[in-house]
Amino acid sequence: MWYYEKKLQYPVNVSECNPTLARYLIEQYGGADGELSAALRYLNQRYSIPDKVIGLLTDIGTEEFAHLEMIAAMIYKLTKDATPEQLKQAGLGAHYANHDKALFYHNAAGAPWTATYIQAKGDPIADLYEDIAAEEKARATYQWIINMSDDPSLNDGLKFLREREIVHSQRFREAVEILKQERDKKQFY
């Protein structure tokens with residue numbers, strides 16, 4: 001189904017070790033509106049969506065996995081040279097105690113990822129509106145992280161991800177209109 005190129009969708013660079021910024025980015029790794037939740041939500045919803053837009057959910061769900069990979073690379077680069085004391089000062093002491101520097105799916109507050117983050121109503125239009133909201137929340141989170149970051153190298157990758165959230169939201173909005181037109185067509189028997 002997929003071909004994997006052994007490179008990131010967009011280059012990830014960081015200027016320096018910054019565990020505090022990594023802690024904020026963990027929200028996009030294992031949070032409710034993060035990349036894992038988005039990928040799983042869209043790839044799950046595609047089974048109950050009309051054929052006219054199924055490809056869209058497959059494409060965006062797949063891209064979200066690429067974004068997850070980028071976030072993982074960012075977090076790794078921001079923490080790889082951090083001392084246990086730096087991690088503790090950044091609010092990652094509990095993470096370090098449980099996982100060392102390994103990535104783990106939880107949000108910025110440390111709550112583990114849960115399947116309850118994935119919404120699927122079975123009504124295509126309701127699901128697409130949920131997807132639009134998820135993309136807009138992710139866009140906002142990226143913007144807030146950019147606002148807190150003073151790392152221009154990292155911000156370049158974050159801006160790329162923020163812009164992709166905007167594109168995904170627009171594509172989902174287009175899909176809603178396609179399905180509304182189909183729903184409102186006169187049925188002839």
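Analyst: Helices are DSSP runs of H or I with at least four residues, numbered from the N terminus. With that in hand, we can read this model, which is predicted, one feature at a time.

User: I would like to learn how a helix pair is read. At what angle do helix H1 and helix H6 pack?

Analyst: Two packed helices are described by the angle between their axes and by the distance between those axes. Here helix H1, residues 19–30, packs against helix H6, residues 124–148, at an angle of about 175 degrees, and the axes are 10 Å apart. Angles over 145 degrees count as roughly antiparallel, and H1 and H6 are therefore roughly antiparallel to each other.

User: Which residues of H1 meet which residues of H6?

Analyst: On the H1 side the residues are Leu 21, Tyr 24, Leu 25, Glu 27 and Gln 28, and they meet Ala 138, Thr 141, Tyr 142, Ile 145 and Met 148 in H6. Sorted by class, this contact of H1 with H6 has seven nonpolar, two polar and one charged residues.

User: Now the salt bridges. How many does a search of the whole structure find?

Analyst: The search of the whole structure finds nine salt bridges. One of them joins the side chains of Glu 5 and Lys 7 at 3.7 Å, N to O, and both Glu 5 and Lys 7 are exposed.

User: Which side chain meets Asp 33 in a salt bridge?

Analyst: The side chain of Lys 137 meets that of Asp 33 in a salt bridge of 3.5 Å, N to O. Asp 33 lies in the loop between H1 and helix H2 (35–45), whereas Lys 137 lies in helix H6, so the pair ties together parts that are 104 residues apart in sequence. Asp 33 has a relative accessible area of 21% and is therefore partly exposed, and Lys 137, with 37%, is partly exposed.

User: With which residue does Glu 182 form a salt bridge?

Analyst: Glu 182 forms a salt bridge with Lys 52, and the closest N and O atoms are 3.4 Å apart. Because Glu 182 lies in helix H7 and Lys 52 in helix H3 (residues 51–79), the pair ties together parts that are 130 residues apart in sequence. Glu 182 counts as partly exposed at 29% relative accessibility, whereas Lys 52, at 55%, counts as exposed. Elsewhere, salt bridges that share partners join Glu 136, Arg 139 and Arg 173 into one network.

User: How many aromatic pairs does a search of the whole structure find?

Analyst: The search finds four aromatic pairs. In the pair of Tyr 10 and Phe 160, the ring centres are 4.4 Å apart and the planes are at 10 degrees, so the pair is stacked, since planes under 30 degrees apart count as stacked. Tyr 10 lies in the segment before H1 and Phe 160 in helix H7 (residues 152–184), so the pair ties together parts that are 150 residues apart in sequence. Tyr 10 counts as partly exposed at 23% relative accessibility, whereas Phe 160 is buried, with a relative accessible area of 18%. The cut-off that separates the two is 20%, because buried means under 20% relative accessible area.

User: Last, a point about the backbone. Where is Asp 100 found?

Analyst: Asp 100 is found in the loop between helix H5 (93–99) and H6. Phi of Asp 100 is near 60 degrees, which is a positive value in a residue other than glycine. At 44% relative accessibility, Asp 100 counts as partly exposed.

Notes:
Residues are numbered from 1 along each chain as its sequence is written. This is a predicted model: local features need pLDDT of at least 70, side-chain atom pairs count only at pLDDT 80 or more; totals for chains, interfaces and linings use all residues. Side-chain values use heavy atoms; hydrogens and water are left out. Axes are lines fitted to C-alpha atoms, for helices over the stretch in contact, and angles run from 0 to 180 degrees between N-to-C directions. Helices (H or I, at least four residues) and strands (E, at least two) are DSSP runs, numbered from the N terminus. Angles under 35 degrees count as roughly parallel, over 145 as roughly antiparallel, 65 to 115 as roughly perpendicular and the rest as oblique. Contact means heavy atoms within 4.5 Å. Ala, Val, Leu, Ile, Met, Phe, Trp, Tyr, Cys and Pro count as nonpolar, Asp, Glu, Lys and Arg as charged, and the others, Gly among them, as polar. Buried means under 20% relative accessible area, exposed over 50%, partly exposed in between (1.4 Å probe, protein chains only). Rings of Phe, Tyr and Trp (its six-membered ring) pair if their centres lie within 6.5 Å; planes under 30 degrees apart count as stacked, over 60 as edge-to-face and the rest as tilted. A salt bridge is a side-chain nitrogen of Lys or Arg within 4 Å of a carboxyl oxygen of Asp or Glu.
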